[in-house]
Amino acid sequence: MGAAAVFVALAGLKPAATIDRQARAQSPDPFAGLKEKFTRPGFVPYPADNAPTPEKIALGRRLFADKALSSVGTIACASCHDPRLAFTDGEVRGKGVTGRSLARHTPSLWNAAFSPLLFWDGRASSLEEQVHFPVEHPDEMGSTLETAAQRLARDESYRGAFLAAFPEDPEVSPHSIAGALAAYERTLVSPPTRFDAWVAGKADALTPSEVRGFRLFAGKGRCISCHVGFDFTDHNFYDIGLPDGDRGRGKEIGLPAADHAFKTPTLRELAWTAPYMHDGSLATLDDVLRHYEEGGLDRPTRSRDLPAKLRLTDDERTDLVAFLETLSSDTPPQPSTEPWVAGGRPVSPPPPQDATVVSQINKTFNPGHVRLKAAQALTVLNDDTRTHNVRIFDAKLNFNSGAQEPRESVTIRFPQPGTYEAFCGIHPSMRLTVEVK
Amino acid sequence: MAKFTRKLWVGIGVATVASASMAQGIGAQDVDHDEMEHKAHGAPLPPALNGGANLNSGEGGEAYLTDGGPTDTRVRFYRDIELTRGHLLVGQQLIDLELWDEALPHFLHPTEELYGLMEKYIKLHNMRPFGRELKALAQTVKAKRKGAYERALKPVEQRIDAALGTAKTFMRPEQRFVVQSAIEVLRSAQSEYAESMENGVFVKPVEYQDSRGFVWRAERVIEEAAAGPPLLDADSLAKVRAAFGKLKAAWPAPLPPPKPALDVGEMSALISQIELHTSSMTR
């Protein structure tokens, strides 16, 4: 099963962590509906061809810390994603084997398992694919997975570890290196915090100030427009008006409407992962709030999801920061040890509907899985308030609608029977599966 | 860091006199402080206060009252803030020398030994907490990352400044509390300095470094206070500065010298001189 199918299916599954419904029935919780949006999942998704095993995860952890993956043996994954610093490096922009500053700020790895696209510009569609980029970037690790595989294969202990991790195909190869690293990275699930206890029904887990902050987060501040879900990201891409020339997602997908758009980062473990933003330009949470209050650069690509004018009082600012800090561990964070993290689960997509019109609304395709008869066309209508896009990148069909403004529709004809995966290039959490008979 | 043990160094009678008069002043201040705080928060006085049994109960001070230190929580809080800053200061000096492992205890001690004491006070007065920021800073020192360290220091400093800004609203006249706190910091420094030695030789470099950081901070605090309303005449200020000059000779570098430049008695005398010559600010 492809990664896309896994993530489409996620939306339809109920989380394992449930709110105390009995308690809520006795005393209605005004936040009940909102809390549902943030409940912790009950499993970690993984592609069917790379199921996690303890041996594979252990190998991935070892590789993650091994500088042998870089050209000159000086940089490991952990050099920039330092476990002591919550899998970041604390730098505005990290440095790799060449010592040159990298183009963007090192992103957090927390909850990467739940992300359909990786990197600030979303250029990798799975953790397995993602592994290639830093290893092979000339300024990061400056090597190739092929070279790394040859180097590791000369080490007897590594050969044993690969045999244990991949008993059916124990060759030390780019494929197995990527598989092991991805399996390890999927275990980097942020641990529960006081916020999770509050969501699960412990009313006094948050202070009044923190609850007021959550109200602002979900209301006046409109943070929830993009920072939603247990990992506080919709996995989409937005231009938030940061004043640098980096075209981000727009360059990646060749769509000017997505220029300067970058992936919504998770807010989990925020207190441990400063500085912030794709360019690392904001040093503190106060700086982040100030940015949103000032609004950033007003340009055509600036997201309409941002509040036009956000004016916070000093008390509101204090409350909002207090709430944001409840998403972080009180001590240096370690990956969650909840039982479901190690288990994982491959999942199936929801059943298809017979429909020839799909709506884009509230950053979803509705329905998200359709079945067409041969020669039927599919119309996709933007019923939303924001710019969307339909992208199909398949050997049978390479389709890009370009910018699709509200009320605009696009009609797609499929060249042959089969299953097609479509997504919005700007909001890639929007996934649409099309089956053509 | 050693516990805040109070050692009495005999031979400087003036210190005892000054301390006694200061203690009386502090007792009087407590009442004002509590009333001011409870008026500010619109809350009734807690039962213990109504009975007058413990002037600090209910306002976050009780956790402080177990270590033999100042009984005025304002002084206690300011002292602990400055001890924290002293740790960070000497830690910074060690990092400047690339001595990351030497520096690490000075970034762990504020959270392990001081923040827990201050936390009630911080919560009581709705100050923004900075315990996690201190821990994040310590992590960058563990990781030995200069850039990350410098960035993590900024929010710590911002929040400490903000907390102190709130704390100072309860200190009237401010200079008195500030200088009293600085004297308490010096006493902690003396205690640490004594802890660092056995048989006239430095055996605990961390305590030596603690005391260095504390003295450097105390000097800065007193200088800042002296720059305020002129409560200190020029002659007294010159004597305070001269005493600090002699005192600081005990710490020629962040790492201990082969032989102590001052013994503990000499140090106590110099601190007492500072206390005496700043007494016009603490009345």
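Two residues are in contact here if their C-beta atoms, placed from the backbone, lie within 7 Å. Keep that cut-off in mind for every stop.

This is a predicted model: local features need pLDDT of at least 70, side-chain atom pairs count only at pLDDT 80 or more, and totals for chains, interfaces and linings use all residues. Residues are numbered from 1 along each chain as its sequence is written, while chains are lettered from A and ligands numbered from 1 in the order in which they are written.

**Stop 1: chain B as a whole**

Select chain B. Among its contacts between residues at least 6 apart in sequence, 72% join residues at least 24 apart. Colour by secondary structure next. Chain B has eleven helices and two strands. Helices here are DSSP runs of H or I with at least four residues, strands are runs of E with at least two, and both are numbered from the N terminus. Along the sequence the order is α-α-α-α-α-α-α-β-β-α-α-α-α.

Of the 283 residues in chain B, 48% count as buried. A residue is buried if 20 or more other C-beta atoms lie within 10 Å of its own, exposed if 12 or fewer, and partly exposed in between, again with C-beta atoms placed from the backbone.

**Stop 2**

Axes are lines fitted to C-alpha atoms, for helices over the stretch in contact, and angles run from 0 to 180 degrees between N-to-C directions. Angles under 35 degrees count as roughly parallel, over 145 as roughly antiparallel, 65 to 115 as roughly perpendicular and the rest as oblique.

The crossing of α3(B) over α4(B) is left-handed. That term applies if the near helix is turned anticlockwise from the far one by less than a right angle; clockwise is right-handed.

Now show side chains. On α3(B), the residues that meet α4(B) include B:Phe77, B:Leu83, B:Leu88 and B:Leu94. Among their partners on α4(B) are B:Trp100, B:Phe107, B:Leu114 and B:Tyr121. By class, the residues of this contact are 14 nonpolar, six polar and two charged. Ala, Val, Leu, Ile, Met, Phe, Trp, Tyr, Cys and Pro count as nonpolar, Asp, Glu, Lys and Arg as charged, and the others, Gly among them, as polar.

**Stop 3**

From α6(B), the contact takes B:Tyr149, B:Ile160, B:Ala163, B:Leu164 and B:Ala167. On α3(B), the residues include B:Phe77, B:Tyr78 and B:Ile81. The classes are nine nonpolar, one polar and two charged.

**Stop 3: B:Thr84**

Is B:Thr84 buried or exposed? Centre on it, in helix α3 of chain B. B:Thr84 is buried, with 24 other C-beta atoms within 10 Å. Leaving out residues up to four places away in sequence, B:Thr84 touches B:Pro110, B:Leu114 and B:Ile160. Then find B:Arg212: it is 128 residues from B:Thr84 in sequence, and their C-alpha atoms are 13 Å apart.

**Stop 4: where the chains meet**

Show both chains. In this interface, 15 residues of chain B are in contact with 17 residues of chain A.

**Stop 5: chain A**

Colour chain A by domain: domain 1 is 29–43 + 193–325, domain 2 is 54–185 and domain 3 is 353–436. These bounds come from an automatic or database domain assignment. The C-alpha centres of domains 1 and 3 of chain A lie 28 Å apart. Their contact takes twelve residues from domain 1 and 13 residues from domain 3.

Next, select α12(A), 208–218, and α15(A), 314–325. Their axes come within 7 Å and cross at roughly 95°. That makes α12(A) roughly perpendicular to α15(A). A:Phe214 and A:Phe217 are among the α12(A) residues in this contact, and A:Leu320 and A:Phe323 among those of α15(A).

Finish at A:Ser173, in the loop between α9 (156–165) and α10 (174–185) of chain A. A:Ser173 counts as partly exposed, with 19 C-beta neighbours inside 10 Å.
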